[in-house]
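Hello,

Here is the structure we talked about handing over. Please open it first; my notes follow below.

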Amino acid sequence: MNKWHLLASIMLMSFFLVSRLMTGHVAELFVLIAILFFLPALLHSFNQEGRERHEGVLIGVIMKAFPVAALCATGAFIYHSAWLSFGWLLYTMALAIFGFVRLLKRGFFPLHELMIDGAFMYIALGGGWFWLYTADIKVMTFSPLIVLLTAIHFHYSAFFIPLFYGLLGRHLRKETMLYKVAGWIILLSPMMIAVGISFSRLFDTFSVTLYVIALYLYGFICMKTKFRSNVAKVLIVFSSCVLMGTILLSFLYSAGMLFRVSYISIEQMVWFHGSVNAFGVILPGLIGWILEKPASRSIKKDFPISNVHGRFQLMTFQNRRSRENEEIGLVDSLSQLNGKTFSAEDVAPVVRRFYEHPGQFKLKAAVCFHWWVRPFVFLLQPVFKRIGQLYLGSSRTPYEMKGSLCSFQHPQEEREQVRAWIRYKEKGEQVFFALYAYHHDADTGYMNIALPLPYSQLTAILKPFNEKQDFLLKSKCPIGSNGDEGLYLHTPFITMKLPMEESFHMKPQTEDRLTAVHRMRLFGIPFLTIQYHIVSKSQST
């Protein structure tokens, strides 16, 4: 927050206080404190981080739009205007988009960055409840005060607590199981508590109980963690300890609602719980984390990626195919992938020959989509057939997968030594069209495979591994790895990492035969397995 933001916030807050002291609506004060002071200070920190990583375009725009959004929020409370509060709702939606774009670029892991993404997406719900309050829209049986308190909840606990926990994860050397369990509870609790309040008091009490346990774990981890700044540690530990106390009030209130006993009234919750959370939890915690400023450990990926996209028509490439087609390989030499995790010299000769001369082999594929994706596959088969991409079929019966391989050149293809491999079914129907290349980082080589899709493209970055004489390609990063491996969806607007995993395990059988198992997972759940039986053409004749 720069000095002009601070001055404007003080003036807006002073004007608001005078107007509210005259009318008595002081509960709105806590929302405005978060909007005018806490939020811009935090955004300023992320704006600086974005500039350092050269990724600060969106957060820079959000920072410039903040004064107008703050005026809308303040005016919405003063004049009880739904039109002005809609301006703040749009701003919180922009913050949610910022969090969602962060998630798309990086993927769902690590958890501590997902916590930060989730916090930015939650605040849009705060903007929604803020708008409902000023628009006087009836939500189920909730009173206007409950609607306002829900807006406060999503501007405070649902936003800052997951964000603080994510910053704590950045500071830790590794995410322990304890950290992960507490993190998922903190991330999911705002929605669980909202469901409980709306539909089940028992579920609400259960959710709050889990939330209490998770926040005590947060305090425990804070106490055990070493910080660079002693002042920051004192503020963060103080904030977590106060949170341990205030969360008990939420538990007492929830338990009172369940057993119909008034341990603490809603008015007491507004004043005591609200003020202590604002100035005893959020303020010292925010100052502490800004002082500590834990840097993101995520490394920006900068590997070559194809810009060749398709349309809703058969994707193929007409090229002059010579009789020397069999001499073209997926790579010129498997040694081009050598690195710390892989040596081509240890791979069986038949596997190496397949990658360097795939035209010398015949492939039979047995495709198995797992039960839970079969309905989607059935519905999408006509689309796959029309575009000639991923048209694997739904039958488990093995079929010969013919193919042609050729060099590929295209104005939008920036990678080097690209080969197009088009595979067909026995009747000539195109199964898929893939563009094979490779690239290197400091440690290893990667297979860089692009599958054009309508107005986009799926890229698989596969890292090679040895297993005896077998050859493995994996898209999943080993724990602690910051390599390029992964599955990415590339569009003209954004390149996003998908929550999918892909692996190939090629195993020699004889000097002229090998098998390969291709597996794919979504969120760790298997959805596709293809068994390949590969035989040298000289052996099969």
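Which residue takes a positive phi in the hairpin of strand 4 and strand 5? The residue is Gly428, with a phi near 95°. The hairpin has five residues between its two strands. Keep in mind that this is a predicted model.

Strand 4 covers residues 419–424, and five of its six residues are buried, so the strand is largely enclosed by the rest of the structure. Strand 4 is joined to strand 3 (residues 402–407) by six bridges, and these two strands run antiparallel.

Now the helices. Two packed helices are described by the angle between their axes and the distance between the axes. For helix 3 (residues 57–79) and helix 4 (residues 82–106), the angle is about 150° and the axes are 7 Å apart. An angle over 145 degrees counts as roughly antiparallel, and helix 3 and helix 4 are therefore roughly antiparallel to each other. Their crossing is left-handed. The residues of the contact between helix 3 and helix 4 comprise 20 nonpolar and three polar ones, with no charged residue.

Regards

How values were computed: Residues are numbered from 1 along each chain as its sequence is written. This is a predicted model: local features need pLDDT of at least 70, side-chain atom pairs count only at pLDDT 80 or more; totals for chains, interfaces and linings use all residues. Side-chain values use heavy atoms; hydrogens and water are left out. Axes are lines fitted to C-alpha atoms, for helices over the stretch in contact, and angles run from 0 to 180 degrees between N-to-C directions. Helices (H or I, at least four residues) and strands (E, at least two) are DSSP runs, numbered from the N terminus. Angles under 35 degrees count as roughly parallel, over 145 as roughly antiparallel, 65 to 115 as roughly perpendicular and the rest as oblique. A crossing is left-handed if the near helix is turned anticlockwise from the far one by less than a right angle, and right-handed if clockwise. Ala, Val, Leu, Ile, Met, Phe, Trp, Tyr, Cys and Pro count as nonpolar, Asp, Glu, Lys and Arg as charged, and the others, Gly among them, as polar. Buried means under 20% relative accessible area, exposed over 50%, partly exposed in between (1.4 Å probe, protein chains only). Two strands pair if DSSP finds at least two bridges between them.
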